[in-house]
Amino acid sequence: MLLIIGFIIAFIIVAIFARRGAATRGCRWREDRTGDKGSLRKYRCMACGAEAFTASEGPPVTCKAQGRPPAL
Ligand SMILES: [Zn+2]
């Protein structure tokens, strides 16, 4: 019985982490100030190499190069 409860708790933890990972899609945005265009800030994804511009604070929410294999 204790084992079953342990499995359920482990499953919930995995589900929480999986949902958190889906929100960012594994992208790690880094600011690239050399590529700034006026008020637009350039961000480069360290995970897949995508480039994106944002006018608001913070990095882009979604990845611009989904489905592409990660560029190493
Ligand atoms: Zn990406």
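Predicted model: local features only at pLDDT ≥ 70, side-chain atom pairs only at ≥ 80, totals over all residues.
Residues are numbered from 1 along each chain as its sequence is written, and side-chain values use heavy atoms, leaving out hydrogens and water.

**Surface and inside**

The protein has 72 residues, and 21% of them count as buried. Here buried means under 20% relative accessible area, exposed means over 50%, and partly exposed lies in between (1.4 Å probe, protein chains only).

Contacts are heavy atoms within 4.5 Å. Among the contacts with a separation of 6 or more, 14% are between residues 24 or more positions apart.

**Salt bridges**

How many salt bridges does the structure hold? There are five, each being a side-chain nitrogen of Lys or Arg within 4 Å of a carboxyl oxygen of Asp or Glu. Here are some of them:

| Pair | N to O distance |
|---|---|
| Lys 42 and Asp 32 | 3.7 Å |
| Arg 41 and Glu 57 | 3.7 Å |
| Glu 51 and Lys 42 | 3.8 Å |

Let's look at where these partners sit. Lys 42 belongs to strand β2 (residues 41–45), and Asp 32 lies 10 residues away in the loop between β1 (29–31) and β2. Lys 42 counts as buried because its relative accessible area is 12%, and Asp 32 is buried too, at 18%.

Arg 41 is also in strand β2, while Glu 57 is in the segment after β3 (51–54), 16 residues apart from Arg 41. Glu 57 is exposed, since its relative accessible area is 71%.

Glu 51, the other partner of Lys 42 in the table, is partly exposed at 40%. Shared partners connect Asp 32, Lys 42, Arg 44 and Glu 51 into one salt-bridge network.

**Cysteines**

A disulfide is a covalent bond between the sulfur atoms of two cysteines. Counting pairs of cysteine sulfur atoms within 2.5 Å, the model has zero disulfides. Cys 27 is buried at 13% relative accessibility, and Cys 48 is buried at 8%.

Definitions and conventions
Helix = DSSP H or I, 4+ residues; strand = E, 2+ residues; numbered from the N terminus.
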